[in-house]
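Subject: Structure handover

Hello,

Here is the structure I promised to pass on. Please open it first, then read my notes below.

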Amino acid sequence: MRQPTRRRRRRCLVLTAGMGAGHDAVAGELARRLRAAGCEVLVRDVLTLLPPGAGPALRGFYRFVVRRAPALYGLIHRVFLAPAPGARRRPDVSPLARLAERPLTALVARARPDVVVSTFHLAGQVTGRLRTRGALDVPCAVCVTDFAVHRAWLEPGNDLYLCVTEAAARATRAGTGRPAVAAGPVVPPDFRRADTPGPAARLAAARAAGRPVVLLSAGAWGVGPGLLPAARTLLAAGCLPVLLCGRDEKLRVRANRVPGVLALGWVRDLPGLMAAARVLVDNAAGQTAAQALAAGLPVVGFRPIAGHGAAGVREMAAGGVSVYADGLGELVAAVTALSADGPARDTLVRAGAALFREDAAALALALAQEPAAGT
């Protein structure tokens, strides 16, 4: 008797990059969703596909300029990354992509994925170039994590772009001529369960003693121009400032010396902490801001980091999903208005929730053809 043909599970390759924590967070959530859909998932850091030493050097240089030489990074962003209106064909913005092409081709041959999803622009450049030349026969999606799309994302060879907003999708379609969908930010479901604060949130709420808890995010690397003065000003205005220092232990120790300011290191229960807070002060328009939108936490952009951070913070405000504060006075006014229940807070919360339109993982998986028979 002939045995029925068994269909193998679909395989997905998710490419990320250890540049801070945001791209890894998006990759991790995409992987979780794809596994929940019954897929086999391999997550790989594209920096490991570069020649030995190149990946750590790139990460180290980026971390240095963002933290220690923001003016230099701002110049790099303006020259190489900022959009150039009117030109669809873009100049090569990252020769490093060529160096990863052969290793990625070998990885795809070994892993045999049905779809490749990139959460970092360098990875999208590699897959797009290979697709353009016909050297990669696997459909490729790019999850654009930035609110303000810069040129490094715009590699026309990819099959689909998944963007956080419709404005980002329009910019991507204009820059690549390829399909782009406003799926919304990719955030774990825990951030939308605001009724179960965890230990860190309970501590913050207890310390607040009736004062609004305001989170100030410094990202994974503790990058935050003007965060300590902002925390002191908010403290004087009657708030409890909670500074999220990421993995920067020196910043955490320095901030905790300020009486009344609560400084935290790497936070594992960020959904619970956001559930207890009233406002997030953000300077990068990255994954922490996206998580706040999912949690229904109003976002105030303030003193953004140079380059893509400044562009993203302003793009969020222009899109009506956050408020931009230019100076300490505007920061206090914005935080005061948004901490209280009322129309201003409700409008921002609704606008943020409206971004979460579709499941980016499902859209990427739809690119894959029906898997061949096998085991």
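What volume does the largest cavity have? About 80 Å³. Keep in mind that this is a predicted model. The count comes to 2 cavities of 30 Å³ or more.

Start with the largest cavity. Its lining is made up of 13 residues. Val144, Thr145, Val164, Pro185 and Val186 are the ones nearest its centre. Strand E5 (160-163) gives at least two residues to this lining, and so does helix H11 (287-295). By class, 10 of the lining residues are nonpolar and 3 are polar. None is charged.

Now the second largest cavity. Its volume is about 40 Å³. The lining consists of Ala292, Leu293, Gly296, Leu297, Pro298, Val299, Val321, Leu348 and Val349. H11 and helix H14 (343-354) each give two or more residues to it. The lining of the second largest cavity has 8 nonpolar residues and 1 polar residue, with no charged ones.

One helix pair is also worth a look. Helix H2 (residues 54-68) and helix H3 (residues 70-81) have axes that come within 5 Å. They cross at roughly 115°. On the H2 side, the contact uses Phe61, Tyr62, Val65, Val66 and Arg68. On the H3 side, Pro70, Leu72, Tyr73 and Ile76 take part. The residues of this contact are 8 nonpolar and 1 charged, with no polar ones.

Best wishes

Definitions and conventions:
Residues numbered from 1 in each chain as written. Predicted model: local features only at pLDDT ≥ 70, side-chain atom pairs only at ≥ 80, totals over all residues. Heavy atoms only, no water. 1 Å grid on protein atoms, 1.4 Å probe; cavity = no way out; pocket = protein on both sides within 12 Å on 5 of 7 lines; lining within 4 Å. Points joined across faces, edges and corners; volume = space filled by probe spheres on them. Helix = DSSP H or I, 4+ residues; strand = E, 2+ residues; numbered from the N terminus. Nonpolar A, V, L, I, M, F, W, Y, C, P; charged D, E, K, R; others polar. Axes fitted to C-alpha atoms, helices over the stretch in contact; angles between N-to-C directions. Contact = heavy atoms within 4.5 Å.
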